[in-house]
Amino acid sequence: MTTLLIWWVAIALETVLLGRALYSRLVGKYPFFFLYLSSVVICDISLFCVSKLEPSAYPALSRQTEVLNIVLGYGILLEIFTHVLARYPGAERFARVAGLVVFVLVLCLALAYPLVSAGAPQSHFRYSVVERDFLAVQAIFLFVVFGVISYYRIDAGRNITGMIIGYGVWLGTSVAVLALGSYSVASFGQIRILVQPLSYLFSLLTWLSALWSYAPSSASPARLSLRADYESLAGSTAETIGKMRAELARTARL
Amino acid sequence: MIQLVLYLVLGAAFLASLYAFARRSASAEGGAQIILRARQALSALQADLLPPQVFERIFANGDYRYIISAGDPALTAMFLSERRKIALSWVEQIRRQIVSLREFHLGSARLHSQLSPRVEARLAFEFFTLLCVCRFLQLALYLRGPYAAPRMVGRVVAVASRVCATSEEAMGFLSAVKVDRLAGKSAHKMTAL
């Protein structure tokens with residue numbers, strides 16, 4: 001009964017969010033995010049109908065739609081790159097390279113892990129493992145992007161901040177819950193049934209509040225005519241730090 | 001089991017970083033503000049914190065000798081305690097100004113499309129270690145008192161002066177006229193608010 005109620009509330013909130021986005025023309029501003037949300041709404045309604053009309057087809061369809069939505073969830077990363085980092089070429093480049101490094105590391109780990117692990121997971125946990133790994137990679141990517149945005153003190157704006165927080169809460173919770181699931185914790189079923197949908201409801205409420213109207217990040221800072229280019233800026237900063245470190249290290253030894 | 005712990009740690013770390021992200025202040029946003037603050041940091045360092053008469057006054061041995069000559073242990077203890085507070089506050093001010101100068105570097109670097117991630121990563125590490133060293137100096141002053149390490153103070157002053165010189169060069173494009181204009185804009189905005 002609780003699950004059904006959460007399901008209905010989620011569909012209602014998603015519909016309100018989409019309706020509001022169409023009305024305030026946010027769909028055109030954040031196409032990847034609303035593509036993801038539209039897919040979630042369609043999947044939710046379809047799954048609800050299937051669960052009533054053809055319950056035996058529900059598990060397979062549920063897995064397929066979840067994979068689709070996980071892939072479309074990467075659209076949120078695209079929105080961040082398009083709306084936040086694109087205004088700061090330096091920070092964007094840093095995030096891109098760091099993301100690539102993380103991707104290569106994750107890929108190496110994924111290739112190496114089967115060689116050292118005890119064996120393939122049991123068949124009924126395999127799906128949870130794949131879903132968990134997909135979400136974990138997404139979490140790592142977002143982690144890197146948070147780092148870059150915070151380090152360079154970039155204002156993401158209310159819309160994108162809400163988008164990130166809403167999705168992030170669901171993502172972090174899902175990774176933890178699926179980790180418990182893939183380790184065959186006895187009460188996993190109960191935890192997942194309640195915690196994941198509740199975190200998703202929280203995400204929807206956050207999105208509804210943050211995406212009620214268009215609120216982009218503050219205007220790009222004026223591009224002052226810097227006399228020195230990046231190389232000289234970084235060079236002079238590095239030189240200064242090097243001198244300071246050497247002096248302070250010598251001082252500390254005194 | 002290790003795998004489970006790793007994923008749980010990842011989930012928890014991610015949620016913690018999300019919380020930090022939600023609570024972060026975006027007040028450093030805006031090129032003009034960063035440059036103004038960096039400029040103010042430079043002025044504070046050059047005019048208020050680093051001139052010899054300031055730190056020589058704070059760490060003057062003459063005062064200490066005079067208090068000792070009075071022969072009152074309670075008075076000496078109180079004097080040392082007060083002087084330590086002033087010295088710690090002085091180092092803290094220097095540390096804060098260095099943070100402002102770092103913000104200036106970040107504010108400028110994020111706009112450069114030629115930014116080198118490797119160089120930035122190295123600079124981030126070096127700024128971090130530098131600020132840690134400042135903390136170490138504060139600890140040394142706290143533990144050993146303001147008169148225990150006069151050479152250390154001299155070194156800090158010398159290094160901070162060099163930072164000022166380099167930063168001033170990096171901010172050379174910002175003439176006094178532009179600073180006044182930016183300051184005027186900020187003041188006007190504040191009045192409007």
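The structure described here is a predicted model, with scores of ipTM 0.71 and pTM 0.67. Leu100(A) is part of helix α6 of chain A, which covers residues 89–116. Together with Phe103(A), Val104(A), Leu107(A) and Leu111(A), Leu100(A) forms a nonpolar patch on the surface, and the accessible area of these residues together is about 500 Å².

The secondary structure of chain A consists of 10 helices and zero strands. Of the 254 residues in chain A, 47% are buried. Among contacts in chain A with a separation of 6 or more, 82% are between residues 24 or more positions apart.

The largest nonpolar core contains 63 residues, and those touching the most other members are Phe34(A), Ile80(A), Tyr152(A), Leu204(A), Trp207(A) and Leu211(A). Helix α8 of chain A, residues 157–182, contributes the largest share of this core, with 11 residues. Tyr152(A) has contacts in both chains: with residues up to four places away in sequence left out, Tyr152(A) touches Ala91(A) and Phe94(A) in chain A, and Leu106(B), Ala109(B), Arg110(B), Leu115(B) and Glu120(B) in chain B.

Gly162(A) is also located in helix α8 of chain A. With a relative accessibility of 7%, Gly162(A) falls under the 20% limit and therefore counts as buried. Beyond four places in sequence, the residues touched by Gly162(A) are Thr206(A), Trp207(A) and Ala210(A); of these, Trp207(A) is among the core residues that touch the most other members. The C-alpha atoms of Gly162(A) and Ser203(A) are 8.7 Å apart, although 41 residues separate the two in sequence.

Over all chains, eight salt bridges are counted. Side chains of opposite charge can pair when their charged atoms come close. One of these pairs is Asp63(B) with Arg57(B), whose closest N and O atoms are 2.4 Å apart. Arg57(B) is partly exposed, at 48% relative accessibility. Both partners are touched by Arg83(B), which also touches Ile58(B), Ala60(B), Pro146(B) and Tyr147(B), residues up to four places away in sequence not being counted. Arg83(B) belongs to helix α5 of chain B, residues 73–109, and is buried, with a relative accessible area of 13%.

Two further salt bridges involve Glu92(B). In one, the side chain of Glu92(B) meets that of Arg96(B) at 3.2 Å, N to O. These two residues are both in helix α5 of chain B, four residues apart, which is about one turn of the helix. Glu92(B) is buried at 15% relative accessibility, whereas Arg96(B) is partly exposed, with a relative accessible area of 46%. In the other, Glu92(B) pairs with Arg135(B), the closest N and O atoms being 3.3 Å apart. Because Arg135(B) lies in helix α6 of chain B, residues 117–144, and Glu92(B) in helix α5 of chain B, this pair ties together parts that are 43 residues apart in sequence. Arg135(B) is partly exposed, with a relative accessible area of 42%. Through shared partners, salt bridges join Glu92(B), Arg95(B), Arg96(B) and Arg135(B) into one network.

Chain B has a mean pLDDT of 73, with 70% of its residues at 70 or more. Among its elements, the highest mean pLDDT, 85, is that of helix α4 of chain B (residues 61–70), and the lowest, 46, that of helix α8 of chain B (residues 176–192). The pLDDT is below 50 over residues 173–180 of chain B, a stretch with 14 contacts in the model beyond near neighbours in sequence. Residues 185–193 of chain B also stay under 50, and for these the model has two contacts beyond four places in sequence. Where pLDDT is low, the predicted coordinates should not be read in detail.

Methods. Residues numbered from 1 in each chain as written. Chains lettered and ligands numbered in written order. Predicted model: local features only at pLDDT ≥ 70, side-chain atom pairs only at ≥ 80, totals over all residues. Heavy atoms only, no water. Patch = residues over 30% accessible without salt bridge, like charges linked within 9 Å, V, L, I, M, F, W, Y side chains within 5 Å. Areas by Shrake-Rupley, 256 points an atom, 1.4 Å probe, with all protein chains shown as cover. Salt bridge = Lys/Arg side-chain N within 4 Å of Asp/Glu carboxyl O. Core = buried A, V, L, I, M, F, W, Y, C linked by side-chain atoms within 4.5 Å. Buried < 20%, exposed > 50% of the residue type's maximum accessible area, 1.4 Å probe, protein only. Contact = heavy atoms within 4.5 Å. pLDDT = per-residue confidence, 0-100.
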